[in-house]
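Subject: Structure for you to look at

Hello,

Here is the structure I promised to pass on.

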Amino acid sequence: MRPSRRRHPLPPLAPGLLLLLLLHALAPPPAAAAVGVNWGFSSSHPLPAAQVVRGLLLPNSVPRVRLAAASPDALAALSGTGVAVTVGVPNELLRPLATSRKAAAAWVHDNVTRYASGVRYVAVGDESFLLNHGQQNQSFLVSAAANIQRALVDAKLSNKMKVVVPCSSDVYLNTSALPSKAYFRPEVNETIAELLSFLANHSSPFMVELNPFSSFQHKKNLSLDYYLFQLMSHPVSDGHIKYDNYFDASIDALVTSLTKAGFSNMDIVVGRVGWPSDGAVNATPAIAQSFMTGLVNHLARKSGTPLRPKVPPIETYLFSLLDEDQRSIASGSYERHHGIFTFDGQAKYYVNLGQGSKALENAPDVQYLPSKWCVLDNNKDISNVSSSFSAACSNADCTALSPGGSCSGIGWPGNVSYAFNNFYQQHDQSEEGCSFNGLGLITTVDPSVDNCMFNLAIDTSTAASFHPILAMLQILVLFFCTYNLL
């Protein structure tokens, strides 16, 4: 086990944010809300699933978790713990599941039936209506959900769990930021109508995924206070209704869209909502804590929204449990830094996940690779180092170097060393991973600077590696071969 690591020092706080955090700290935590966390698997060196469950979820009294995919290790570790589980079906599986009931039955058998006592939802697809996804998955979405539903019925599990379909918030348009003007995007109306009918027929909720940080970046007329549940926020007036926070306005925009589509009473689950702590301006642990604490406290009051007073979303899943260094950064570098915990299970800040006023428990006994780092050798001719820097970043995670990121201020050549080390750690500290045409140098001196951490990777040599898409495709290929359908 690696010796104790230096943690990120918090950056200086603005006076208003400092006051808000002090008030949060002094006030007793409200009663627990229906809150859970997302657990993703897009990491080069993930914590073992059993360690996540026994070292993070259970000690911190997390009551529910949403899995990005059906990881056998995660499902096995969660089995019998009492943690309510949502199992995800990745977009890549929508086509085979939509076109074959037998494939859906095989998926349910292998990923749900044996863990049925803890599963509450099966989430089909992942933000399939996201604008930058186009319409590539939409034609398969409802059929895949329907086939999963039939498989649950056949397995006599449909009374124990529900099928949901996660939808990004851009499935409805709200360009004016006024909830009363929101409506489902015209180009998805036909699919949305089918989806809403399917959900209503099975008494399933509408699962929406919110990205407040992206909204904050794009809506320059809305203040940071509005997103952080701060009382000093200037309210947004929508007729006679006033909104003093982004979350309520987003939920009511969905309520308005559902009402216009004829489903005004449909329950809502928030499948994703969070704030990043790195990778962009205003993505810091302090601001993330302010958002998360404000959200959890707001939900615990059960005040609902102006359009649904005293009726909050039936469940809300915080995004996310852990940082993931291989998540897509199409939306921004910050996407890899949504974790409440770092990649190695160390809490970045306080939020009540179910543990009350206590500080979050960190993952114990994390096994790291040896204390070795790869840095730029300043004794070499580094006039052509830019190509090596680009090569490292194209195959590693350099998002902390982004403007506003925790390593954005280290300058050159520190940023080159950061890129070299990240590549080196992702490649299990192999000598070839620190070559860079002879410009890399292996050192045993930690090169971290202030809050710019040159991390050591987790030792995964004895842990099974889970690849969600490959694992599921192998199951489906085996099934199709068995039934001579290939």
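**The chain as a whole**

Please keep in mind that this is a predicted model. The protein chain contains 14 helices and 15 strands. It has 486 residues, and 56% of them count as buried. I also looked at how far contacts reach along the sequence: of those between residues at least 6 apart, 73% join residues at least 24 apart.

**Two helix pairs**

Two packed helices are described by the angle between their axes and the distance between the axes.

Start with helix α5 (residues 101-111) and helix α6 (residues 138-154), whose axes come within 8 Å and cross at roughly 60°. That angle makes α5 oblique to α6. The crossing of α5 past α6 is right-handed. On the α5 side you will find R101, A104, A105, W107 and V108, which meet N147, I148, R150, A151 and L152 of α6. Sorted by class, this contact has 7 nonpolar, 1 polar and 2 charged residues.

The other pair is helix α12 (residues 385-394) with helix α13 (residues 414-426), where the axes come within 9 Å and cross at roughly 45°. Here too the angle counts as oblique, for α12 against α13. This time the crossing is left-handed. V385, S388, F389, A392 and C393 are the α12 residues in the contact, and α13 supplies N415, V416, A419, F420 and F423. The classes here are 8 nonpolar and 2 polar residues, with no charged ones.

If you like to check such lists by eye, the spacing of the residues is a handy guide: an α-helix has 3.6 residues a turn, so residues three or four places apart point the same way.

**Salt bridges**

Side chains of opposite charge can pair when their charged atoms come close. How many salt bridges does the structure hold? The count is 10, and I have picked out a few.

- R66 pairs with E209, and their closest N and O atoms are 2.4 Å apart. R66 sits in strand β2 (residues 64-67) and E209 in strand β9 (residues 206-209), so this bridge ties together parts that are 143 residues apart in sequence. Both R66 and E209 are buried.
- R114 pairs with D110, with 3.7 Å between the closest N and O atoms. D110 counts as partly exposed because its relative accessibility is 24%.
- K380 pairs with D377, and here the closest N and O atoms are 3.9 Å apart. K380 is partly exposed at 41% relative accessibility, whereas D377 is buried, with a relative accessible area of 10%.
- D170, R185 and E187 are linked to one another in a network of salt bridges.

**A covered helix**

Have a look at helix α2 (residues 49-57) as well, which is mostly covered, with 7 of its 9 residues buried. The buried ones are A49, Q51, V52, V53, G55, L56 and L57. Which elements cover them? Among them are β1 (35-39) and α3.

**Two single residues**

P72 is part of that helix α3 (residues 72-78). Its relative accessibility of 37% is why P72 counts as partly exposed. The C-alpha atom of P72 is separated by 10.0 Å from that of V112, a residue 40 places away along the chain.

T191 belongs to helix α7 (residues 189-201). Is T191 buried or exposed? It is buried, because its relative accessible area is 15%, and the cut-off for buried is under 20%. Leaving aside residues up to four places away in sequence, T191 touches F129, Q138 and V142.

Best wishes

Note on methods. Residues are numbered from 1 along each chain as its sequence is written. This is a predicted model: local features need pLDDT of at least 70, side-chain atom pairs count only at pLDDT 80 or more; totals for chains, interfaces and linings use all residues. Side-chain values use heavy atoms; hydrogens and water are left out. Axes are lines fitted to C-alpha atoms, for helices over the stretch in contact, and angles run from 0 to 180 degrees between N-to-C directions. Helices (H or I, at least four residues) and strands (E, at least two) are DSSP runs, numbered from the N terminus. Angles under 35 degrees count as roughly parallel, over 145 as roughly antiparallel, 65 to 115 as roughly perpendicular and the rest as oblique. A crossing is left-handed if the near helix is turned anticlockwise from the far one by less than a right angle, and right-handed if clockwise. Contact means heavy atoms within 4.5 Å. Ala, Val, Leu, Ile, Met, Phe, Trp, Tyr, Cys and Pro count as nonpolar, Asp, Glu, Lys and Arg as charged, and the others, Gly among them, as polar. Buried means under 20% relative accessible area, exposed over 50%, partly exposed in between (1.4 Å probe, protein chains only). A salt bridge is a side-chain nitrogen of Lys or Arg within 4 Å of a carboxyl oxygen of Asp or Glu.
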